[in-house]
There are 2 protein chains.
Amino acid sequence: MDYITAKFAKLGVDNAPGQEGLQKQEELPLQGDPIPGTPVDFSHGDVDAHKPIPGSLETFVEGYVVGGGHQAYTEYRGKGAIRQYLAEKLAQFSGAPVNPDSELILTPGTQGALFLAMGSLIGRGDKVAIIEPDYFANRKLVEFFDGELVPVPIRWTETERYSGLDLQALEEAFQSGVKLFLYSNPNNPTGVIYSPQEVAAIGRLAKKYSVAVIADELYSRQLFDKALPYTHLRALPERPDTLITIIGPSKTESLSGFRLGAAYGSADIITRMEKLQAIVSLRTSGYCQSAYLNWFSEPQGWLEDRVADHKAIRDDLLKVVSKYPGCWARPTEGGSYIFLQLPQLKVTLNQFVKLCRVQASVTVTPGTEFGPQFTSWVRLNFSQDHQAAVEGVDRICQMAQRYRA
Amino acid sequence: MDYITAKFAKLGVDNAPGQEGLQKQEELPLQGDPIPGTPVDFSHGDVDAHKPIPGSLETFVEGYVVGGGHQAYTEYRGKGAIRQYLAEKLAQFSGAPVNPDSELILTPGTQGALFLAMGSLIGRGDKVAIIEPDYFANRKLVEFFDGELVPVPIRWTETERYSGLDLQALEEAFQSGVKLFLYSNPNNPTGVIYSPQEVAAIGRLAKKYSVAVIADELYSRQLFDKALPYTHLRALPERPDTLITIIGPSKTESLSGFRLGAAYGSADIITRMEKLQAIVSLRTSGYCQSAYLNWFSEPQGWLEDRVADHKAIRDDLLKVVSKYPGCWARPTEGGSYIFLQLPQLKVTLNQFVKLCRVQASVTVTPGTEFGPQFTSWVRLNFSQDHQAAVEGVDRICQMAQRYRA
């Protein structure tokens, strides 16, 4: 097998959220009858249950009609006036200034930001430290850019607050010559956030060992507990020399259909990202860029309500989970995920995930997408219709009992 | 300089269309007064002068309102119903069947299609044959994916019809172990199309030497001379085993602001492209995907009128060019470009391009973006307001006289 064939053989997509239809049919060890209920796709959020920021469509239409060609053809890094607007909002949000001309790029979704940032920072053979568990595309991107994965664990199951980041493992990784460290905060899939001490340690160590950092803060506007402070690495006194923060309005704000994201930080890396954008897809859809103007300008109380709605769903899901022996999840501190631990099963994780779809009309993402060791975990995006989500989780837990070893 | 720094140092973007604002200020050898006139940006088309397909905005809005979450979250390769629609249209257009499930992917612009196709086909160190001159991103993509460029010339200045493809150079390139061949038809920037014999030779040689081919047919709906047959490689009896054809509605149809493209062909490569899409930007904006439904379903006569309008602009531009000694361009056979040869200048090409912007309010793309040897050429996208374009070209030719060696 040649180099490129081998590379793509490794690069999986069938278990990625929303791609389940691509999976090959296989004989499943079916047991019992189907469990009826409203189908729930926990692989991603339901933007019909939690609608986009009000006015987004209107802003899009205005951009199309009034902006015309100027809206269609923006600079590759995004329209100047929109960068101006967003730089101010992001500076205020993250607690440190952002230069709209040199330190910000608009990207096709936060995925686009992540791809461009990693493509701009990973040289062939470079060691890249990632958290386990963390967002599945992180691993794939390191492999695609011919980097070498250096996993660093969080011990979130052994603590009640914050991530339980293994700081010794982090320092050892950095000592081993890691060039880039990447972490999501709140963490995907566990929903834990990093403590001020943990983030400060990341900053201090990255500075000490000259490690570049990508901070994925996609879910940082959706935090459930005011008593738990959220720390933006970029606002700390001790921070890495090279730091890119990424965020987007696809999740909490439900604008995923527009594909909008943003990356901000070190100007030299933003420049590289734009060069890469120029050969990847030119720019974030010019017309869609208008909808950035709704982000961080939501109607009074809208964001608070959205977060409260999700907290209420989270609480009810956890109540369901706690009723079933062998099922467990740590309460989500931020974001829309719960990472659900299952009892030991007599089927494989992939079989269980398929059985859930076939017999219980629920789609979940296997834990192994987030690290090979998470063979008894599944991830659920609970940004769903409240009642349907509660019933869906109940069915998953019933299935776990049915297929228990 | 480390590997990744060197890579991005090579990857230029400042001369790319629309990016001119990024260029550093430099002392220019100014001569004479400014030439007044309506500013024209010939680096890309003017979608205000040539508006998007009627109904595109309405289709978008309907997709947003009616489609909701199903429109926002499509499979990474694009929404099934839209692939179904488009596969039929593309099969009819190109003269060979397209399986909507396995042989088509919707991409963020044709640039997205090109990036995904090249990323799926170029292994590190692979030789890639490209035409000179041809679309500037081709060269950059080969370099980004660590391939090795093998240029093959077209001798379009020495012939009155078709491209003048150097078939011997092509065969020698293929014999030397080229893995991938990439060409745009109509050619960007010259606007020539390949003859049936030339395309047949590409198919025969690619088959013989097992070379994969990417056929960039972005402008293939905008042909000016019915007497010159256009040949789709994919419809020929002798064609490469691996063939991807790319196209999109950003140019002739002016839908660039939505960022829509398509790649169709070998199913195994389409699968790779989707895997790559999953880590690049997930999918083409779900909401924007609706606008694909207007493409190939334009109102009666709309496409014919658009092509006729552009032919009329082309004819008038060429009349202007022919008045100025040392200025020359071959009549465009397809697409919206003229590749304008300038007389020998006493300033560098990059200086001339800047002088045109500063003194004549016209933006053009330097020929060196299309091959290092094109130091006395500039590319113009003439999809502009008719009168403004005529006057703009006149100013460029005046400038060429002023700065003649």
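Student: Let's start with Ser266(B). In which loop is it found?
Tutor: This is a predicted model, so everything we say is about that prediction. In chain B, strand β8 covers 261-265, and α8 is the helix at the other end of the loop. Ser266(B) is found in the loop between β8 and α8 of chain B.

Student: Is Ser266(B) buried or exposed?
Tutor: Look at the relative accessibility, which is 14% for Ser266(B). The cut-off for buried is under 20%. Because 14% falls under that cut-off, Ser266(B) counts as buried.

Student: Which residues does Ser266(B) touch, leaving out those up to four places away in sequence?
Tutor: Skip the residues up to four places away, and look at what else Ser266(B) touches. The list is Asp241(B), Thr242(B), Leu243(B) and Ile244(B).

Student: What about β8(B) itself: how many of its residues are buried?
Tutor: Check both ways the residues point. Gly261(B), Ala263(B) and Gly265(B) point one way, Ala262(B) and Tyr264(B) the other way, and all are buried. So β8(B) is largely enclosed by the rest of the structure, and the count of buried residues is five of the five.

Student: Now the helices. How are α4(B) and α8(B) set against each other: parallel or perpendicular?
Tutor: The axes of α4(B), residues 109-121, and α8(B), residues 267-280, come within 9 Å and cross at roughly 110°. The handedness of that crossing is right-handed. Angles of 65 to 115 degrees count as roughly perpendicular, and therefore α4(B) and α8(B) are roughly perpendicular to each other.

Student: How many residues of the contact of α4(B) with α8(B) are nonpolar?
Tutor: From α4(B) the contact has Ala113(B), Phe115(B), Leu116(B), Ala117(B), Gly119(B), Ser120(B) and Leu121(B), and from α8(B) it has Ile269(B), Arg272(B), Met273(B), Leu276(B), Gln277(B) and Val280(B). Sort them by kind, and three are polar, one is charged, and the nonpolar ones number nine.

Student: Is helix α5(B) mostly covered, or mostly open, and how many of its residues are buried?
Tutor: Helix α5(B) spans residues 136-144 and is mostly covered. Among its buried residues are Phe136(B), Arg139(B), Lys140(B) and Phe144(B). The buried count in α5(B) is eight of its nine residues.

Student: Which residue just after α5(B) takes a positive phi?
Tutor: Go to the stretch just after α5(B) and look for a phi of about 60°. The residue there is Asp146(B).

Student: In chain B there's an open sheet of three strands. Which residue is the bridge partner of Phe339(B) in β12(B)?
Tutor: The order is β9-β12-β11, with antiparallel pairing. The edge strands, β9 (337-341) and β11 (365-366), each pair on one side only. Five bridges join β9(B) to β12(B), residues 377-381, and in β12(B) the partner of Phe339(B) is Arg379(B).

Student: Over in chain A, which are the edge strands of the seven-stranded sheet?
Tutor: Read the order of this open, mixed sheet: β2-β8-β7-β6-β5-β3-β4. An edge strand pairs on one side only, which here picks out β2 (104-107) and β4 (148-153) of chain A.

Student: Which residue in β4(A) is the bridge partner of Val128(A)?
Tutor: Strand β3(A), residues 127-132, and β4(A) pair in the parallel sense over six bridges. In β4(A), the partner of Val128(A) is Leu149(A).

Student: Last one: what is the relative accessible area of Ser163(A)?
Tutor: Ser163(A) lies in the loop between β4 and α6 (167-175) of chain A. Among the residues Ser163(A) touches are Trp156(A), Tyr194(A) and Glu198(A). Ser163(A) is buried, and its relative accessible area is 0%.

Definitions and conventions:
Residues numbered from 1 in each chain as written. Chains lettered and ligands numbered in written order. Predicted model: local features only at pLDDT ≥ 70, side-chain atom pairs only at ≥ 80, totals over all residues. Heavy atoms only, no water. Axes fitted to C-alpha atoms, helices over the stretch in contact; angles between N-to-C directions. Helix = DSSP H or I, 4+ residues; strand = E, 2+ residues; numbered from the N terminus. Parallel < 35°, antiparallel > 145°, perpendicular 65-115°, else oblique. Left-handed = near helix turned anticlockwise from the far one by under 90°. Contact = heavy atoms within 4.5 Å. Nonpolar A, V, L, I, M, F, W, Y, C, P; charged D, E, K, R; others polar. Pairing = 2+ DSSP bridges. Buried < 20%, exposed > 50% of the residue type's maximum accessible area, 1.4 Å probe, protein only.
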